Amino acid sequence: PLPDRIDLRSDTVTLPSPAMRAAMSAAALGDDVYGEDPTVNELERLAAERVGKEAAVLVVSGTMGNLAAMLAHCQRGQRVILGNESHIYHYEAGGASALGGLIYHPLSTDPNGCIDLAELAEAATTIDDAHFAPPGVICLENTHNRRGGVVLTPDYLAQVRRIANDHSLPVHLDGARIFNAAVALGVPVTDLTRHVDTVMFCLSKGLSAPVGSLVAGPADVIARVRRVRKMLGGGMRQAGVIAAAGIVALTEMVDRLAEDHTNARLLAAGLAELPGIQIDLSKVQTNIVRFTFVHPRLSVEAFLAALRKRGILMGSMSNTSIRAVTHYGIEAAHIEQVVSAAAEILA
Ligand SMILES: Cc1ncc(COP(=O)(O)O)c(CN[C@H](C(=O)O)[C@H](C)O)c1O
């Protein structure tokens with residue numbers, strides 16, 4: 001983040017660490033379309049190993065990773081079963097439908113980011129009748145962005161897995177922030193990823209790499225993801241320049257996510273005391289603070305504008321809710337500055 005701004009809009013704004021910049025300039029390179037970039041190959045190997053899958057492929061963005069995974073799992077005309085508050089459904093430009101000919105089948109999402117299991121079992125059922133589009137994949141999201149970064153538990157994932165097995169369906173996990181979930185739970189990330197077939201996770205968010213996400217899964221499925229990536233124009237050449245940062249992200253930047261979670265709790269505790277702000281502190285489980293804003297004098301936009309004038313950025317989620325996201329580069333001192341600025345504005 002720029003020194004004169006405290007940017008809490010997202011963890012996508014993170015800048016690469018000095019170690020990343022050094023690794024990027026020193027990276028061994030080759031043409032990755034030929035499979036000859038040694039740094040990309042090392043990142044993909046490391047990523048697959050870390051999440052306990054056979055293979056992984058580097059993609060440009062989380063959106064591309066989710067789309068390529070859905071297209072690798074499904075045939076045209078099949079349904080993507082997902083949460084009605086999911087990122088895939090809200091923020092990925094309808095790609096699975098527009099480019100893949102897939103149908104979104106959104107299901108309601110509870111405050112913990114979970115799809116109702118009974119509804120899921122029904123949606124996962126293939127009806128042998130020409131009227132009905134058959135299901136193709138179940139998509140989950142962990143942590144859950146629009147529910148405020150809440151963590152889906154291994155137990156819940158295991159229950160979804162059982163339903164998927166009953167209906168012979170693959171499960172794709174939008175794990176953009178899966179390492180935040182593992183660190184918040186204090187468990188190895190494989191306790192979460194073992195229940196799903198494919199997992200997409202972002203290097204470019206809390207892990208602070210400048211670019212890149214990975215899709216990991218069974219070797220045959222990842223081979224299909226790689227083909228879709230090429231079809232989408234995502235085949236890269238000397239991508240070791242960005243993969244080098246990704247290796248640093250995976251090897252040096254996971255444990256520190258706990259600091260972002262501490263700072264999020266500090267921010268939530270400070271904001272919760274202020275007029276016009278309601279926060280369910282039990283839902284502040286990782287690096288996202290989502291709060292309701294209904295103030296006698298100020299709208300969400302007016303509050304955000306007043307913060308911006310003080311060099312503080314947050315994101316509006318609706319005309320009554322705001323999101324703030326902590327990340328590498330945001331320290332406790334910044335949080336104190338934000339809370340006192342908000343107190344002044346809302347007084
Ligand atoms: C759960 C999840 N899955 C996928 C993505 C997409 O990743 P990118 O395409 O931005 O790399 C995001 C990005 N989320 C971004 C953010 O939170 O600021 C915006 C909303 O797109 C995400 O939060």
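**Figure 1. Overall view of the predicted chain.** The chain exposes about 14,000 Å², and carbon and sulfur atoms supply 54% of that area. Accessible areas were computed by the Shrake-Rupley method with a 1.4 Å probe, and for residues only the protein chains shown count as cover. This is a predicted model, in which local features need pLDDT of at least 70 and side-chain atom pairs count only at pLDDT 80 or more, whereas totals for chains, interfaces and linings use all residues. Residues are numbered from 1 along each chain as its sequence is written, and side-chain values use heavy atoms, with hydrogens and water left out.

**Figure 2. Secondary structure and dimensions of the chain.** The chain contains 14 helices and 13 strands; these are DSSP runs numbered from the N terminus, helices being H or I of at least four residues and strands E of at least two. The radius of gyration is 20 Å, close to the 20 Å that the globule rule gives for 347 residues, so the chain is as compact as a globular protein of that length. The radius is taken over C-alpha atoms, and the rule is 2.2 Å times the number of residues to the power 0.38. Along its principal axes, the C-alpha trace spans about 60 × 55 × 35 Å.

**Figure 3. Burial and contacts within the chain.** Of the 347 residues, 56% are buried. Buried denotes under 20% relative accessible area, exposed over 50%, and partly exposed the range in between (1.4 Å probe, protein chains only). Among contacts (heavy atoms within 4.5 Å) between residues at least 6 apart in sequence, 74% join residues at least 24 apart.

**Figure 4. The salt bridge between Arg229 and Asp32.** The structure holds 15 salt bridges, each defined as a side-chain nitrogen of Lys or Arg within 4 Å of a carboxyl oxygen of Asp or Glu. In one of them, the side chains of Arg229 and Asp32 meet with an N to O distance of 3.5 Å. This pair links distant parts of the chain, 197 residues apart: Arg229 belongs to helix α10 (residues 219-231), and Asp32 to the loop between α1 (18-26) and α2 (38-51). Arg229 is buried, at 4% relative accessibility, and Asp32 is likewise buried, at 3%.

Figure 5. The side chains of Glu42 and Arg45 form a salt bridge at 2.8 Å, N to O. Both residues lie in helix α2, three residues apart, about one turn of the helix. Glu42 is partly exposed, with a relative accessible area of 31%, and Arg45 is partly exposed at 41%. A further salt bridge joins Arg226 and Glu44, whose closest N and O atoms are 3.0 Å apart. Arg226 in helix α10 and Glu44 in helix α2 are 182 residues apart, so that pair links distant parts of the chain. Arg226 is partly exposed, with a relative accessible area of 29%, whereas Glu44 is buried at 7%.

**Figure 6. The surroundings of Val221.** Val221 is found in helix α10. At 8% relative accessibility, Val221 counts as buried. Leaving aside residues up to four places away in sequence, Val221 touches Ala72, His73 and Thr198. The C-alpha atoms of Val221 and Ala55 are separated by 8.8 Å, while these residues are 166 apart along the chain.
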